[in-house]
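Visitor: I would like to go through this model by asking about a few of its parts.
Guide: Go ahead; here it is.

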Amino acid sequence: MKDTYGREISYLRLSVTELCNLRCRYCMPAEGVCKKEHDEMLTEEEIVLAVETAAELGVTKLRITGGEPLVKKNIVSICERTAAVPGIREVCITTNGTRLPELARPLREAGVRRLNISLDTLSEEKYRYITRIGSLNQAIDGIEAALDAGYDKIKLNAVLIGGFNDDEIAPLAGLTRRWPVDVRFIELMPMYDSGDFGPEAFIPCERVLQALPELEKESPDGGVARLYRLPGAQGRIGLISPLSSHFCAACNRIRLTADGKLKPCLHGKAEFSIKGLDRDGMREQFRTAMLSKPEWHGELSYQNRSQAGRNMNTIGG
Ligand code: SAM
Ligand code: SF4
């Protein structure tokens, strides 16, 4: 269905857990998250019902995220059941990749077509720093397992952080020569609790264009990224700029958190609960949430932080 600004809402980003096996500094606090009561979170049945309801209202694309979706015990079953919902044409997952060595194949067989895998650095030491507990090798093994499993598309997402990985733009972009993947640089967003980062960390994606003058422009593919390619590379380079040039006018998304809150906008306060509702109740809440989408998320910068009042792991990035 259309929202009040005429945008067709066709994309549901579904968070299946707030938990994660990493602790990225821009995403969650060092101590992890305070585990919520089981009965506060959506059950698998509620997740499937929510996806059916969303599909009836015109959602065709589903992205499963978190927290880390691959730490969820029933993730394969969730993917299989949601991919089978009539009207859902594509199920994608955003993951840190560390559990892909075991799960890349079962998820592909469950109907997942595309993967976005997060990778902010190619240095083992810096990977450990940014994730606080992770190992780069595990993430690389995950990417290789995904490449072997035959996905339609794999994208690597790097959050661009001044003073951390702005000296790695060329090697990260160079992965599009090594593998048939797209690499996307995403501006760091000032969430509720990203106190580890000062103003110098928030740099615009234009920095990528300055670092790689050889980039050739590619035509847009309907997504939110501006697209380029290194000469001769297998994959493209995408720039996603929520701060320096927001893409709200083309936003076709609605979000559902793992604790059952529909969020019309990633950076807005408004939330509509569907926990415990039947099909009719859910449909009403989906309609209300879609009609509450704001025109844009407002100014976002180091000084003007996201109004979401949640960290990214509890929303679903
Ligand atoms: N755990 C999975 C992962 O890391 O890909 C999925 C959830 S994570 C919240 C989704 C995406 O949000 C990741 O690509 C992560 O880098 C990004 N993200 C988290 N916090 C962010 C922030 N403050 N600014 C920009 N991107 C952020
Ligand atoms: Fe976990 Fe993803 Fe957040 Fe990193 S960005 S802490 S991997 S949920």
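This is a predicted model: local features need pLDDT of at least 70, side-chain atom pairs count only at pLDDT 80 or more; totals for chains, interfaces and linings use all residues.

Visitor: Leaving aside neighbours within four places in sequence, which residues is T60 in contact with?
Guide: Contact here takes heavy atoms within 4.5 Å. With neighbours within four places in sequence left aside, the residues in contact with T60 are S10, G87, I88, R89 and E90.

Visitor: How many Å apart in space are T60 and G232, C-alpha to C-alpha?
Guide: In sequence, T60 and G232 are 172 residues apart. In space, C-alpha to C-alpha, the separation of T60 and G232 is 33 Å.

Visitor: Which polar backbone atom lies 2.8 Å from a nitrogen atom of ligand 1?
Guide: Ligand 1 has 17 residues around it, and Y26, G67, E68, S118 and M189 come nearest. A nitrogen atom of ligand 1 lies 3.1 Å from a backbone N or O atom of Y26, and a nitrogen atom of ligand 1 is 3.0 Å from an N or O atom in the side chain of E68. The polar backbone atom at 2.8 Å from a nitrogen atom of ligand 1 belongs to M189.

Visitor: What percentage of the accessible area of ligand 1 does the protein cover?
Guide: On its own, ligand 1 has 540 Å² of accessible area.

Visitor: How many charged residues are in the shell around ligand 2?
Guide: Ligand 2 is surrounded by C20, L22, R23, C24, Y26, C27, M28, G67 and N96. By class, this shell has 6 nonpolar and 2 polar residues. The charged residues number 1.

Visitor: What space lies in the second largest pocket?
Guide: The lining of this pocket has 21 residues, with T17, L19, H38, M41 and K72 nearest its centre. These lining residues divide into 10 nonpolar, 4 polar and 7 charged. The space in the second largest pocket is about 510 Å³.

Terms used. Residues are numbered from 1 along each chain as its sequence is written. Chains are lettered from A and ligands numbered from 1 in the order in which they are written. Side-chain values use heavy atoms; hydrogens and water are left out. On a 1 Å grid over the protein atoms alone, a cavity is a set of points where a 1.4 Å probe fits but cannot get out, and a pocket is an open set with protein on both sides within 12 Å along at least five of seven lines; lining residues have an atom within 4 Å of a point. Grid points are joined across faces, edges and corners, and a volume is the space filled by probe spheres set on the points. Ala, Val, Leu, Ile, Met, Phe, Trp, Tyr, Cys and Pro count as nonpolar, Asp, Glu, Lys and Arg as charged, and the others, Gly among them, as polar. A residue is near a molecule or strand if one of its heavy atoms lies within 4 Å of it. A polar contact is a pair of N or O atoms within 3.5 Å; within protein, one must be able to donate a hydrogen and the other to accept it, and residues adjacent in sequence count only if both atoms are side-chain atoms. Accessible areas come from the Shrake-Rupley method with a 1.4 Å probe; for residues, only the protein chains shown count as cover.
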